[in-house]
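Keep the model in view while reading.

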Amino acid sequence: MSIQVTNLSKIYGAQRAIDNISFDLKPGEIVGFLGPNGAGKSTTMKILTGYLQPTSGNASVSGFDVLTQPMPARRAIGYLPEHNPLYLDMYVKEFLQFSGKLYGISGATLKTRISEVISMCGLEVEQHKKIGQLSKGYRQRVGLAQSFLHDPEVLILDEPTTGLDPNQILEIRELIRTAGSNKTVLFSTHIMQEVEALCDRVIIINKGKVVSDSSLDTLRQSG
Ligand code: ADP
Ligand code: ADP
């Protein structure tokens, strides 16, 4: 399994942010993680990416336990956080060089990889601009470029299209489709159309619980 979540819970004080959730993603699946604000999507993703400790339960990515094998688990993941803390004063290319070094890529490999993601994300012109000068849509492209810079097996994308205009949404969707074609992708959204446009399976989460996990066809038939 590319992602395995087993009986995972996170409790903040009296608040059960996620409550005993379980699901698996097979290699190559693109799965929507659908739920309203506050459902527990970001919390689940932050546990998978090692930014939060669960209260109980287990999670693994590419076979690496996120608690006991955090480094290889992280290396297997490209993560786009919901509120992406991009460095606004950095030039796009400089930011990608910096990010690559954090992933342990350098030299000719990094140079090649940066050219690839710049071309894949349509950042040829923007690479020479500061991130702070870019539109929200382009900043999101930079975030995506960063997330797949180290060619991870798994992409975890937290609300990648929220706050974008319709045209930007179409562009980012297309990018996720292209970049995710040989990867396992878990992306969160509160909009059903996003799921319909990108994937064939949806996990619905509400108030910290998985309330449905099925193919889109099954979901449509059940109305
Ligand atoms: P979503 O990503 O689906 O919007 P979150 O995972 O961000 O949901 O939040 C799930 C629940 O946990 C919400 O009720 C939220 O207010 C709560 N929560 C998230 N982070 C914290 C925190 N650091 N402290 C207390 N409650 C939190
Ligand atoms: P995200 O959805 O990425 O968690 P938010 O804007 O919801 O971002 O939250 C920003 C920060 O506040 C995060 O660190 C989150 O964990 C924390 N947070 C969210 N909800 C609550 C809450 N109800 N009480 C305390 N902290 C919270």
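In this predicted model, an N or O atom in the side chain of tyrosine 12 sits 3.4 Å from a nitrogen atom of ligand 1. Glutamine 15 also takes part through its side chain, where a polar atom is 3.1 Å from an oxygen atom of the ligand. Glycine 40 uses its backbone: a polar atom there lies 3.0 Å from an oxygen atom of ligand 1. On its own, ligand 1 exposes 560 Å², and 62% of that is buried by the protein.

Strand 2 (15–25) and helix 1 (41–48) are the elements that each supply two or more residues to the shell around the ligand. Helix 1 contributes the most, with three residues. The shell as a whole consists of Tyr12, Gln15, Ala17, Pro36, Asn37, Gly38, Ala39, Gly40, Lys41, Ser42 and Thr43. By class, these residues comprise six polar, four nonpolar and one charged.

Rolling a probe the size of a water molecule over the atoms shows where empty space is left. Searching the whole structure turns up one cavity of 30 Å³ or more, and the largest cavity holds about 30 Å³ of space.

Which residues line the largest cavity? They are Glu159, Pro160, Thr161 and Thr162, together with Phe187, Ser188, Thr189 and Glu194. Strand 8 (residues 184–189) gives the most to this lining, with three residues. Of the lining residues, four are polar, two are nonpolar and two are charged.

Conventions:
Residues numbered from 1 in each chain as written. Chains lettered and ligands numbered in written order. Predicted model: local features only at pLDDT ≥ 70, side-chain atom pairs only at ≥ 80, totals over all residues. Heavy atoms only, no water. Near = heavy atom within 4 Å. Polar contact = N/O pair within 3.5 Å; in protein donor to acceptor, adjacent residues only side chain to side chain. Areas by Shrake-Rupley, 256 points an atom, 1.4 Å probe, with all protein chains shown as cover. Helix = DSSP H or I, 4+ residues; strand = E, 2+ residues; numbered from the N terminus. Nonpolar A, V, L, I, M, F, W, Y, C, P; charged D, E, K, R; others polar. 1 Å grid on protein atoms, 1.4 Å probe; cavity = no way out; pocket = protein on both sides within 12 Å on 5 of 7 lines; lining within 4 Å. Points joined across faces, edges and corners; volume = space filled by probe spheres on them.
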